[in-house]
Amino acid sequence: MNELKNELNSEDEIDSNSQPQADVSHVVHLLTEAEGDEQAEMFSEILTEAEPGTIALLLESLPLDERYERWQQVDVEERVDVLNLMRADPRLGIVKKMPDEELDLLFSQLSPEDLIEWSDTLPDNITDRALAQMGERQRKHFELYDQYSDNEIGRYADHQMLALSLTSTVAQGQRFFRRIDLDCNDHLFLVDNNDKYLGTVRRYDVFKTTDLDTQLQVLIWEDSRVISADSSLIEAAEAIEHSRELELPVVDDDGILIGRMTLRTATALVREHYEAQLMATAGMDEHDDLFAPIMVGAKRRAVWLGINLLTAFLASATIGLFENVLSQVVALAVLMPIVASMGGIAGSQSLTLMIRGMAMGQISAGNVMSLMKNELGIGALNGMLWSIVIGIVAGWWFNDTIMGIVIGCAILINMAVAAIAGVMVPMILQRFNQDAALSGSVILTTVTDVVGFFTFLGLATILYL
């Protein structure tokens, strides 16, 4: 037990990113190795030392039955914080198992911002139950945020902020800053009687002013920025990153101040965005539970496997067109994976570059042709280099000069086509409102496989038969 306490305490003492993860991993190992009463006692010790984020991570690391048993040990006052830091699937699993009385108590502690995030994955009946536990003002906040889609920052704006009227004084501003402690709070937002945003005043300016009767409107910061509520999450995150501020006001189309976005929120959004892209490349969701029920997990992955099967059939059909030459020149079957692999890697490099550029707003109709020419040049140069190398190796390996020429030409052509496809595939998918991170790699692999096999076996047919 002392070892466990030392592991948890060490998380607060180490600044590196990898070491705390290793410490948590070790705690997970100790916890999952224990069973029954021993595990319960160990988890109680964890609860006295760990932060909500660590508790959430440990709960997600447990199988479903053990997870809920340990969840029941979490203090009622900490449950909302823990659930906020869990992924959607494990959070929903716990919520569905909770008795009605405990669920109502939990929802009574929930803020509109919390419920907005939860409602993206909660069934409507549970969302309605949570709303029933809120006051009228909180429900209005929820309705305000709920009008925005899950990709618009207005949905996730923080309504806890410091806002005063134009005629408020420096003394009132200082009093607000001293009495109200908010995360990432460095600004006062000035509004009129209809909550229309009028300007921003910095904390530094409020406290450096010696005349306490000075009106705050005199201190409005001319270089302040605002974020439109219908901006995408990534656009909003980039806006606050480039502003170098801790928070920025979020306003609707009428200029009404609906909340703020903090640097902490921006960091979380960017992290979740790239995690979603990573999971999407395998046809999965960032909210998926590590211990999802077998039927649920199988259903989610079956569609992706089916799509992959169709693309595999297409590649196989291409190979089937050249059955005659394959039956006579067996060495072709040995070398086919090399052609497909080289094209696939070259294409994925261009695709990754494109997806990053698109996510950062760097790709447009004005520069896409220049980028394609650049990628084609890189693909052709690398294709020439490696086609010569692989052609020489293949010719020496099978003692067949024609074989070296065939595979060399096939690799050159396939790598050039892969570079073009790596640029064009995400652009075409974007035009049809499809996520390039989700389906781009599958389509690209199909293109490089089909082109590679067709070129390789087609040239072999011409030269051998």
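**Exercise 1.** Work out how helix H19 and helix H20 are oriented relative to each other in this predicted model.

*Solution.* Start with the axes: H19 (residues 368–397) and H20 (residues 401–431) come within 7 Å and cross at roughly 155°. Next, bring in the cut-off: angles over 145 degrees count as roughly antiparallel. So H19 and H20 are roughly antiparallel to each other. As for handedness, H19 passes H20 in a right-handed crossing. Finally, sort the contact residues by class, and you get 17 nonpolar, eight polar and one charged.

**Exercise 2.** Describe the crossing of helix H8 with helix H10, then say which residues make the contact.

*Solution.* First the geometry: the axes of H8 (residues 100–108) and H10 (residues 124–132) cross at roughly 60° and come within 8 Å. The crossing of H8 past H10 is right-handed. Now for the residues: H8 brings Asp100, Leu103, Asp104 and Phe107, while H10 brings Ile126, Arg129 and Ala130.

**Exercise 3.** Find out how strands E2 and E3 pair, and what sits between them.

*Solution.* Begin with direction: E2 (residues 187–191) and E3 (residues 197–202) run antiparallel, joined by five bridges. To get your bearings across the pair, look for Phe189, which stands opposite Thr200 in E3. Then follow the chain through the turn: the two strands form a hairpin with five residues between them.

Methods. Residues are numbered from 1 along each chain as its sequence is written. This is a predicted model: local features need pLDDT of at least 70, side-chain atom pairs count only at pLDDT 80 or more; totals for chains, interfaces and linings use all residues. Side-chain values use heavy atoms; hydrogens and water are left out. Axes are lines fitted to C-alpha atoms, for helices over the stretch in contact, and angles run from 0 to 180 degrees between N-to-C directions. Helices (H or I, at least four residues) and strands (E, at least two) are DSSP runs, numbered from the N terminus. A crossing is left-handed if the near helix is turned anticlockwise from the far one by less than a right angle, and right-handed if clockwise. Contact means heavy atoms within 4.5 Å. Two strands pair if DSSP finds at least two bridges between them. Angles under 35 degrees count as roughly parallel, over 145 as roughly antiparallel, 65 to 115 as roughly perpendicular and the rest as oblique. Ala, Val, Leu, Ile, Met, Phe, Trp, Tyr, Cys and Pro count as nonpolar, Asp, Glu, Lys and Arg as charged, and the others, Gly among them, as polar.
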